[in-house]
Amino acid sequence: MRITPQHVAVGTVYVIAVGFTLVIFSLVRTPLEAVALTAAALAFLVPHLLVVRRALRGRQPSGVPVALIVEIAVTYGAIPVLSSLSPFLGYNWASSMQTILASAVLLRLRLKAAVPVVAVIGVVDLGMGLVVSGGSVPLAMYNLVTVVVTSGVTYGAVRLAVVSRQLAEARMELAEAAVLRDRDRIARDLHDGLGSSLTAIALK
């Protein structure tokens with residue numbers, strides 16, 4: 001099977017979403033943490049993949065972004081729950097999921113609305129990094145950069161997939177149009193040539 005830009009883009013998006021989530025599972029220490037994290041991860045990833053799927057189809061943002069609202073609720077609602085089980089687990093959930101959430105915001109909302117929301121998510125992640133690290137600016141900046149870069153890469157990968165598909169469809173339409181033009185030209189030539197021959201025969 002030939003690997004296309006669409007395959008690369010889709011793979012990148014899914015690897016980012018699933019990869020960030022799986023990393024958090026390496027921090028689980030008890031069965032209760034595993035159950036709580038699994039429930040939160042599923043509640044987050046299902047609507048996230050729906051947002052990605054919609055974006056990959058090239059559909060324009062419209063209507064109430066229900067899946068995105070669910071993602072936001074799960075992202076911030078799970079923080080106190082997971083933090084009560086393990087502060088380190090709760091912080092890593094917040095940091096990783098806010099990064100993926102920023103990607104979903106860019107994919108689901110119009111850019112005019114999405115960019116300010118992503119900025120707010122980045123600032124919240126920056127603030128959490130400062131609080132948890134006791135004022136460590138490098139760690140906090142790392143969180144902010146991760147949000148910006150990862151969401152940008154995800155958005156770019158999805159746009160690449162959509163545009164490459166649209167280009168392939170346009171090439172197919174152009175090829176079909178070229179075939180139709182050739183058929184019309186051959187038909188005209190045949191008509192003109194046959195008409196001249198019939199006229200000559202009629203005169204003779």
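These legends walk through several close-up views of one predicted model. Local features need pLDDT of at least 70 and side-chain atom pairs count only at pLDDT 80 or more, while totals for chains, interfaces and linings use all residues. Residues are numbered from 1 along each chain as its sequence is written, and side-chain values use heavy atoms, with hydrogens and water left out.

**View 1. Helix H4, residues 87–108.** Helices here are DSSP runs (H or I, at least four residues), numbered from the N terminus. H4 has 22 residues and reaches 31 Å from its first C-alpha to its last, close to the 32 Å expected at 1.5 Å a residue. That expected span is 1.5 Å times one less than the number of residues. Of the 22 residues of H4, 20 are buried, so the helix is largely enclosed by the rest of the structure. Buried means under 20% relative accessible area (1.4 Å probe, protein chains only).

**View 2. Ser96, a residue in helix H4.** Is Ser96 buried or exposed (exposed means over 50% relative accessible area)? Its relative accessible area is 11%, so Ser96 is buried. Setting aside neighbours within four places in sequence, Ser96 is in contact with Phe20 and Ile24. Contact means heavy atoms within 4.5 Å.

**View 3. Helix H2 (residues 31–56) packing with H4.** The two helices pack at an angle of about 10°, with their axes 9 Å apart. That makes H2 roughly parallel to H4, a label for angles under 35 degrees. The axes are lines fitted to C-alpha atoms over the stretch in contact, and angles run from 0 to 180 degrees between N-to-C directions. H2 passes H4 in a left-handed crossing, where the near helix is turned anticlockwise from the far one by less than a right angle. Among the residues making the contact are Leu37, Phe44 and Val51 of H2 and Trp93, Met97 and Leu101 of H4.

**View 4. Helix H2 from end to end, and what follows.** The 26 residues of H2 should span 38 Å at 1.5 Å a residue, and its end C-alpha atoms are 36 Å apart, which agrees. H2 is followed by Gly58, whose phi is positive, near 80°.

**View 5. Glu33, a residue in helix H2.** With 6% relative accessibility, Glu33 counts as buried. Which residues does Glu33 contact, leaving aside its neighbours within four places in sequence? Glu33 is in contact with Leu27, Val28, Leu85, Ser86 and Leu89. The C-alpha atoms of Glu33 and Val81 are separated by 9.7 Å, although these residues are 48 residues apart along the chain.

Conventions:
Angles under 35 degrees count as roughly parallel, over 145 as roughly antiparallel, 65 to 115 as roughly perpendicular and the rest as oblique.
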